[in-house]
Amino acid sequence: MPYILNTSAQIKEMLNELGLSSLDELYGHLPQEVRTGNPDIASGLSEAEVKSYIESLAKQNSSIENFNSFLGAGIYDHYIPSALNHILYRTEFYTPYTPYQPECSQGVLQAIYEYQTFICLLTGMDVSNASLYDGASSLSEAVLMALRITKRNKVIVSETTHPEYRKTVRTYLSGVDCSINEVGFCPDGLIDFDFLKKEIDEDTACIVVQSPNFFGLIEDLEEIGRFAKAKGAVFVLTANPMSLSILKQPADLGVDIVCGDGQPFGGGMNFGGPTFGFLATKEKYTRQIPGRIAGKTKDADGAFAFCLTLQTREQHIRRQRATSNICSNQSLNAVGAAIYLSLMGKDGLQNVALRSTAMAHYLYSKLKQTHKVKLPFGERFFNEFVWQIEPSAGILAKLKQNKIIAGLALDNFYPNLKNHILSACTEKKSKDDIDKFVENLINP
Amino acid sequence: MNREIIFNKSVPGRKSSFLNECGVSFEDIKQFIPARFLRERLEFPSLGELDVVRHYINLSKLNFSVDANFYPLGSCTMKYNPKLNEDLAGIKEFGSIHPYQDQDLVQGALKLVYDLGKVLCAVTGMSRFSFQAAAGAQAELAGLLIIRAYHNLNKNSRSKVIIPDSAHGTNPATASMCGYDVVVVKSTPEGLVDVDELSKVVDDDTAAIMLTNPNTLGLFEERILDISDILHKKKAFLYYDGANFNPLMGVVDPFSMGFDVIHLNLHKTFSTPHGSGGPGVGALGVIDKLKEFLPVPVVDKKNDVYFFNYELRNTIGRVKAFYGNFLVLVKAYAYILRLGRQGLKRVAENSVLNARYIKEKLKNHYKAVSLKACMHEVVFSCEHQRDNGVSVLEIAKRLIDFGIHPPTIYFPLIVKEALMVEPTETESKETLDHFISAMKEINSEIQFSPQKFKYAPFTTPVRRVDETAAARSPDLRWKKTGG
């Protein structure tokens with residue numbers, strides 16, 4: 001039998017020790033009514049058969065590499081250095097559990113501590129946790145933190161926050177006594193300040209903003225931060241972490257909690273998962289942070305050592321009074337990000353961000369030159385932007401036939417934005433890729 | 001080796017240069033993004049590729065892992081992670097697909113998710129699965145919100161969730177996140193749910209009970225059908241925390257035990273690696289009348305075409321962006337295909353056999369918490385050892401010197417000096433015997449040299465780590481000064 005080492009002789013010997021004569025007798029004390037096993041599933045296959053079958057399923061997918069793709073919207077096709085997965089696939093990182101026993105887990109604990117440092121340096125915040133599930137759930141946890149911090153019950157969310165994140169926040173908060181109000185956007189795609197001013201009041205627990213927003217535009221966070229501060233609300237930012245390598249750090253803009261999805265840091269697209277969520281905040285909110293945190297301390301000989309710490313926040317200690325129910329997070333993906341950031345360094349990372357931005361703006365200018373498309377929003381965007389063409393469905397389909405995925409149609413998420421398309425670039429895009437796309441658009 | 005923090009290994013000017021020519025400067029970008037939005041400093045280390053490789057490879061060598069060590073961490077099901085699964089999850093057509101690609105380009109992925117759901121329905125008796133949740137705790141959140149939504153829809157909202165005192169910490173934490181009051185029900189001296197006590201606390205205001213079976217003492221809740229009756233008579237639901245499903249797979253299905261909503265940790269029972277704390281998957285299954293409440297989307301099939309169905313009438317919404325930890329599903333599905341019906345059952349049986357063998361061999365040396373037959377894990381109380389001056393923590397630390405990752409300790413909370421051992425089915429009798437002899441040797445060390453335990457472990461890269469100091473003066477990140 002695959003994956004079971006004990007031979008029939010050993011099994012028999014062990015059963016003898018227990019005074020039993022068959023494996024079935026191990027379940028002898030269970031009520032007969034529940035022993036309904038024997039599920040209707042196929043018999044086991046050989047390793048070669050499993051491999052060949054799963055490979056046949058894989059062949060029914062088409063890898064994004066077969067296309068000239070401009071999809072983004074939360075998952076980005078950045079280059080992953082070969083060294084990254086060679087390190088991460090070490091089974092010493094891959095197969096342990098959460099590092100509860102620090103003496104035999106120093107490697108992963110130090111890697112998590114380094115990860116936390118990278119996130120703090122990137123965001124300007126004082127403290128980061130060891131990761132959460134993804135961007136959407138990290139945003140939800142950030143909002144729950146804000147409710148605990150302020151003991152208020154009104155949540156304001158910008159409508160230009162990723163629609164799936166907003167939906168996740170609503171689900172996470174559905175058992176909590178609070179209201180969620182969404183603030184719309186101006187014709188230029190940025191948050192509507194007048195709307196925001198009207199909404200925010202002394203009951204507001206937090207303002208949630210995504211920047212670069214879902215349309216790729218960079219919000220004026222400093223201004224929003226002033227509103228939040230004036231009303232004593234917590235300012236929660238969700239951000240593409242790649243953008244933070246070139247944008248002003250959130251801590252300097254009045255942001256209290258910054259979170260987001262770490263996929264751009266060396267993560268594959270993976271059909272959307274696994275990725276990981278990051279969350280960082282100011283020191284004064286440390287005890288409200290959800291999830292694992294690694295800390296540096298000393299061992300009995302006085303040498304530096306690491307362990308999980310501040311665990312009295314967590315479910316296994318605090319139970320119903322914990323800051324969150326999270327146990328397993330996305331540790332391996334976070335360690336992957338630490339490795340990615342170490343490999344890239346400051347210049348490498350900023351080059352990725354700058355090149356992605358420049359390519360997106362090159363595409364923008366090429367589209368503008370066609371005079372065939374509308375560019376409804378402003379130019380202050382990072383690596384993606386919205387454009388408009390009619391009829392978008394037909395045009396997207398035509399491009400797809402030519403192996404071009406132009407982007408994401410927005411009407412599913414924003415019914416008012418018919419024929420609007422969100423397109424992203426990463427550093428993997430060349431001018432040639434972009435020229436071909438635009439050429440195909442003009443001469444289908 | 002040089003364990004120095006990576007930030008202290010930085011050499012100004014050194015780099016890996018993955019992009020040979022970036023060709024873009026900050027000055028170029030300022031025409032689109034005004035300078036006041038751009039950052040000035042970023043204190044990341046400057047390192048070459050080999051610097052980074054060597055640093056992290058050396059760090060990896062400081063970890064115990066399932067591939068190198070026996071890892072009997074109770075409630076965590078640290079079974080062997082078959083290598084085949086990793087190869088399959090690494091296929092480009094799984095890893096390099098974008099969640100917003102048109103559905104005709106991802107039919108293989110959708111079929112895999114759909115078929116995995118069907119197989120798990122067959123194994124558990126549930127009617128439908130969602131794979132959105134990234135871990136057990138997140139599935140618990142979605143599951144309880146489903147229960148909440150169902151009661152609310154029937155204009156019958158309720159305020160209490162019942163949780164045994166032996167439950168995993170995630171259960172009460174989840175109930176609380178969902179706005180429920182937690183009512184704790186005690187265990188009997190034997191370690192089972194006190195059914196009489198339970199029948200007193202279940203009332204019309206009870207939304208659900210959250211139950212693990214076998215429970216965290218490794219015991220099968222023999223009166224599960226009585227428990228189910230008590231709850232169902234009050235129109236309350238049974239939530240199954242499937243963290244301990246491994247010994248029941250193919251033998252007992254949760255539906256026949258009366259469960260209405262369940263989660264399975266694919267990173268436990270279905271062999272996907274734990275990754276030092278994730279990614280996992282909390283596969284969430286429900287009975288027929290709760291199908292329309294699942295998170296969206298779910299994968300459906302029409303005329304042999306698979307598609308994402310967002311149209312569930314009473315959906316609770318979402319707990320995560322996109323569709324869950326898809327690559328983990330590939331691994332779990334490969335595992336099930338490889339083992340098949342008989343294989344899954346053998347897994348369950350051997351997980352019980354291995355635990356019971358350990359209990360039999362150690363019960364005269366360490367106090368077994370229950371006289372009842374255990375399932376896949378056995379809990380000892382090291383009270384006697386404590387009386388002789390050695391705590392279970394110190395026993396755990398000493399075990400590391402034998403090359404064994406310590407079992408779970410101080411859990412379940414209702415057991416003094418608890419030591420919770422889950423060997424899993426993938427370990428051989430030789431490994432179990434090594435563990436047994438190590439535990440016996442430790443016992444005699446406690447008799448003859450108890451002072452030794454204050455300093456264990458002796459063979460690890462660092463000595464006993466001061467966790468109290470870590471919490472008292474938190475150092476949660478490297479800083480340039482003082483490093």
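Buried area is the accessible area (1.4 Å probe) that two parts lose on being put together, summed over both. That number comes up in two of the views below. This is a predicted model, in which local features need pLDDT of at least 70, side-chain atom pairs count only at pLDDT 80 or more, and totals for chains, interfaces and linings use all residues. Residues are numbered from 1 along each chain as its sequence is written, chains are lettered from A and ligands numbered from 1 in the order in which they are written, and side-chain values use heavy atoms, with hydrogens and water left out.

**View 1. Domain 1 of chain A against domain 2 of chain A.** Between them the two domains bury about 2500 Å², with 67% of it on carbon and sulfur atoms. On the domain 1 side, Arg380(A), Phe382(A) and Tyr414(A) lose the most area to domain 2, together 27% of what that side buries. Contact (heavy atoms within 4.5 Å) involves 29 residues of domain 1 and 33 residues of domain 2.

View 2. Helix H12 (331-370) and strand S11 (384-388) of chain A are the elements that give two or more residues to the domain 1 side; helices (H or I, at least four residues) and strands (E, at least two) are DSSP runs, numbered from the N terminus. H12(A) gives the most, with 6 residues.

**View 3. Chain B up against chain A.** Here 194 residues of chain B are in contact with 184 residues of chain A. The area buried between the chains is about 16800 Å², and carbon and sulfur atoms give 63% of it. The rule finds 11 salt bridges across this interface, among them Glu65(A) with Lys92(B) at 3.6 Å, N to O. Polar contacts come to 101 residue pairs, both at pLDDT 80 or more. On the chain B side, helix H10 (residues 326-362) supplies the largest share, 28 residues.

**View 4. A salt bridge inside chain A.** Lys154(A) and Asp201(A) pair through their side chains at 3.0 Å, N to O. The partners are 47 residues apart, with Lys154(A) in strand S3 (residues 154-158) and Asp201(A) in the loop between helix H8 (193-199) and strand S5 (204-210).

**View 5. Two cis peptide bonds in chain B.** Gly278(B) to Pro279(B) is cis, with omega near 10°, and Pro279(B) lies in the loop between strands S6 (261-265) and S7 (282-286) of chain B. Phe411(B) and Pro412(B) are also joined by a cis bond, omega about 0°. Pro412(B) falls in the loop between strands S12 (408-409) and S13 (418-421) of chain B.

Conventions:
A salt bridge is a side-chain nitrogen of Lys or Arg within 4 Å of a carboxyl oxygen of Asp or Glu. A polar contact is a pair of N or O atoms within 3.5 Å; within protein, one must be able to donate a hydrogen and the other to accept it, and residues adjacent in sequence count only if both atoms are side-chain atoms.
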